[in-house]
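Good morning, colleagues. Please have the display in view.

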Amino acid sequence: MGSIWSQTAQLPRFASLGKDIKTDVLVIGGGMAGLLCAYRMVQAGVDCVLVEADRICGGVTKNTTAKITVQHGLIYDKLIREFGLEKARLYLEANRAALEDYRTLCQEIACDFEEKDAVVYALAGGRSVDRELEALHRLGFSEAFPANPPLPLPIAGAVGVPRQAQFHPLNFIAALAKDLTVYEHTKVLEIGPGKAVTNGGTVSAEQIVIATHFPVLNKHGGYFLKLYQHRSYVLALKDAPDVKGMYLDESGTGLSFRNAGDLLLLGGGGHRTGKQGGGWQELESFAKEHYPKARVSARWATQDCMTLDGVPYIGRYARNTPNLYVAAGFNKWGMTSSMAAANILTDLVLGRDNPYAAAFSPARTMLRPQLARNGLSSVLGLLTPTVPRCPHMGCALKYNPQEHSWDCPCHGSRFGEDGRLIDNPATDDKKMGYYGQSSER
């Protein structure tokens, strides 16, 4: 059962590449980030081509909960403590600008764009919410307010921000993408200076943007150490209450709520990819207890790239890769971050100053506690003496009985029971034998 977005949208179709071509800018990856980058480039008068290995928005974008907001958990108090007031302000302003860009574009696009308050709540330790409210006020966001969410939970405190938004992401993309130069079913096999070799021809480009969710180029940037992936689950409930806003548990493993038409989208059950978690069962138990008259209309899962410090990597791919750029690690806030990435990368490609670029630069320090946890997970995955193994970097795959897939706990690649690639950073299918055993030689 797919997401309500994929069930109700008609995306344009594009031919695959069948010859060598030249362009000013090549964007690799046809999700929200890549398509917005291509759109912004074209709007700026740049000759731009986008290639997608499968169908546009066939990965994470179709499984989002589609919230557009500057409020990304209790992040601003953390940013001020770890990076200082100025970087926290830049992060806030970049996302405020992204929200306003969506607001402008959606005036001309039928995509169910609705303004809603966004609220982060805590089930314990209300002081963390108080600190976040203080942080927002220090940053000049005077509209932030203490909230009282209409949720069946013992809430210790909550902070809200007004006039945020939600929308139908695929209807938005359907309108935005139709006039872009896009090649679907065009898989990039090799990336070199000024070119990308695909299964349908070579694309020569002065500059290249990699927007493939998890960056697929391993030999630069250390993204296999700087990122890990997190799965979360959604139930679309019929005959459930209208909560009249967008709500998120500050813990990162709790529940989220928003309505879409006559459906309540209940999210949660999350866990690091390849590990155990509550999944849909956790959501079903909550719905049965608190919304006993509701019935499940749809269910889906999504996967998010998480950075070492909670800030996306947007900018030059690595110090030694001129004219190669990246947008990755959106930490569960892909809609707002995709627009911020498109704005920043368009300026960088055009040689213009961008006031927010320094705050998101991938060249910032890797010395964060999460780096050690990522490294330990990779070592354990490599040393686990079982098969099948991930073709990305050789970690042992774990079977996911809820989704009937083989998942990599190191970097988050996922494969169907038949070995078909579902999620990157792996770039190839995995050959599977009987009972999932590897049949590769």
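I begin with His 185, which is partly exposed at a relative accessible area of 40%. Please bear in mind that the model is predicted. The residue sits in the loop between strand 7 (182–183) and strand 8 (188–192).

One finds Lys 332 in the loop that runs between strand 17 (324–328) and helix 9 (334–349).

Let me turn to the interior. As a general matter, nonpolar side chains in soluble globular proteins tend to be buried together. In this model, the largest nonpolar core comprises 89 residues, and those with the most contacts inside it are Tyr 76, Phe 167 and Phe 172. Helix 4 (residues 85–105) supplies the largest share of this core, namely nine residues. Apart from it lies another core, of 25 residues, which includes Val 49, Tyr 317, Val 326 and Ala 328.

What does Tyr 76 touch, once its neighbours within four places in sequence are left aside? Its partners are Val 70, Ala 88, Tyr 91, Leu 92, Glu 132, Ala 135, Leu 136 and Leu 139.

Tyr 76 also takes part in the packing of two helices. The axes of helix 3 (residues 75–83) and helix 4 come within 7 Å, crossing at roughly 145°. On the side of helix 3, the contact is made by Ile 75, Tyr 76, Leu 79, Ile 80 and Phe 83; helix 4 contributes Leu 85, Lys 87, Ala 88, Tyr 91 and Leu 92. Sorted by class, this contact has nine nonpolar residues, no polar ones and one charged.

How many cavities of 30 Å³ or more does the structure hold? There is one, and the volume of the largest cavity is about 40 Å³. Its lining consists of Lys 67, Thr 69, Gln 71, Ala 118, Val 119, Val 120, Met 246, Tyr 247, Leu 248 and Trp 333. Strand 4 (114–122) and strand 12 (246–249) are the elements that give two or more residues to that lining. By class, the lining residues divide into seven nonpolar, two polar and one charged.

Thank you for your attention.

Terms used
Residues numbered from 1 in each chain as written. Predicted model: local features only at pLDDT ≥ 70, side-chain atom pairs only at ≥ 80, totals over all residues. Heavy atoms only, no water. Core = buried A, V, L, I, M, F, W, Y, C linked by side-chain atoms within 4.5 Å. Buried < 20%, exposed > 50% of the residue type's maximum accessible area, 1.4 Å probe, protein only. Helix = DSSP H or I, 4+ residues; strand = E, 2+ residues; numbered from the N terminus. Contact = heavy atoms within 4.5 Å. 1 Å grid on protein atoms, 1.4 Å probe; cavity = no way out; pocket = protein on both sides within 12 Å on 5 of 7 lines; lining within 4 Å. Points joined across faces, edges and corners; volume = space filled by probe spheres on them. Nonpolar A, V, L, I, M, F, W, Y, C, P; charged D, E, K, R; others polar. Axes fitted to C-alpha atoms, helices over the stretch in contact; angles between N-to-C directions.
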